[in-house]
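Have the model open as you read.

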Amino acid sequence: MANNAFPTTDEDIDAVRPETLKERIDDGESVFILDVRATEEFDQWHIDGETVETENVPYFEFLMDEDDDSLYEGLPDDQEIVVLCAKGGSSEYVASLLKARGFTVSHLESGMNGWASIYDYTELDTETDATIAQYQRPSSGCLAYLVVSGDEAAVIDPLRAFADEYVADARAMGAELKYALDTHIHADHISGVRTLARETGATAVIPAAAADRGVEYDDAYETVEDGDELTVGDVTIDAIYTPGHTSGMTSYEVGDVLFTGDTLFTESVARPDLEDGAEGAEDAAKLLYDSLADRILTRDPDSLVAPAHFSDAATQAADGTYTARLGALETSMDALSMARDEFVSFILSDMPPRPANYEDIIAANLGVEDVDDAEAFALELGPNNCAASQDALTSN
């Protein structure tokens, strides 16, 4: 629905940019949000944080009877209320109703669509002979990485919606993209590897086992298998086959940085049921255990784990990235020291809801279905839910 289709009032409402709201939350400022989306949309995903208080009152309730006093009960009269909706139309109208009643109020510009457009760049603190940046999408917890060495660059797990940003950042450092790599066939965002290959001439790279799932790309691509190496400037990207989350899941290593994809996160481990469903989850969980025990935990404890996602339960490192030393994770995450049978039972015991639209996203990433940019952005809205638990599995 277009913004001008909503009822209008004479109130002048301040719009808060999504980036400004995030800065306030990151700074620890107390924020009160009135989310006027439908309850099922709110329950699926909403803005959260230690200093964020959120109330959900669907817009249609205001539309039915804006004079119902109960709709305004519990709203604070001593701090600003930020009203948000999906796209920014209904939130402005509801904010005007609150302002008319004397509340201090603003609304989130472009709503949750605007929130989903935030993409933060932070460089890793690493000894590797390359500049490595982590891109953070707070709305979904998706992480991507730019590796720059000399005049060459590679991007790992790029999102199609932000393809231009990787190119611009690489060029700002005097480099051109040589590779665009995926760790696996993603279930929570539309991959940008083909877009980047098409627009920049970079080589699209996916794991060979991922291609075996039925990839149907019109664009040229290359595959990597366990032990393969790719050269970017003065560094190599080593492929490490780590199946479990998917049959094609492959981690990459650059110096002391271990890009674990969806195998190991800083607060949890992968869920094993997205490719073959519940009936294949047990076998996939066994593969995940083997990948962790034999291919990840056998590496240097000082390796810096750089995952493909983070959840609300994750804690940022001192440098602002969602990374952690492998040895620290092994110490703090009990699941990493379990016996195989215990691990499998534990992982299967309480998996969270599957990512929104994951079947459509997988189909698009396989090349089986075509989606335009607007459809791709809409499919990605919501949390990633790729971890085995919504709560942190770490003890500290």
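## The open pocket

H1 gives the largest share of the lining of the largest pocket, three residues. Helix H1 (18-26) and helix H2 (39-44) each put in at least two lining residues; helices are DSSP runs of H or I, at least four residues, numbered from the N terminus. This is a predicted model, where local features need pLDDT of at least 70 and side-chain atom pairs count only at pLDDT 80 or more, while totals for chains, interfaces and linings use all residues. Residues are numbered from 1 along each chain as its sequence is written, and side-chain values use heavy atoms, leaving out hydrogens and water.

The largest pocket holds about 1300 Å³ of space. Of its 43 lining residues, Asp48, Phe310, Ser311, Asp312 and Ala313 lie nearest the centre.

One cavity of 30 Å³ or more turns up in the whole structure. On a 1 Å grid over the protein atoms alone, a cavity is a set of points where a 1.4 Å probe fits but cannot get out, a pocket is an open set with protein on both sides within 12 Å along at least five of seven lines, and lining residues have an atom within 4 Å of a point. Residues lining the largest cavity include His184, Arg213, His245 and Glu275.

## A helix pair

Helix H9 (residues 277-296) packs on helix H11 (residues 340-349) at about 125°, axes 9 Å apart.

How values were computed:
Axes fitted to C-alpha atoms, helices over the stretch in contact; angles between N-to-C directions. Points joined across faces, edges and corners; volume = space filled by probe spheres on them.
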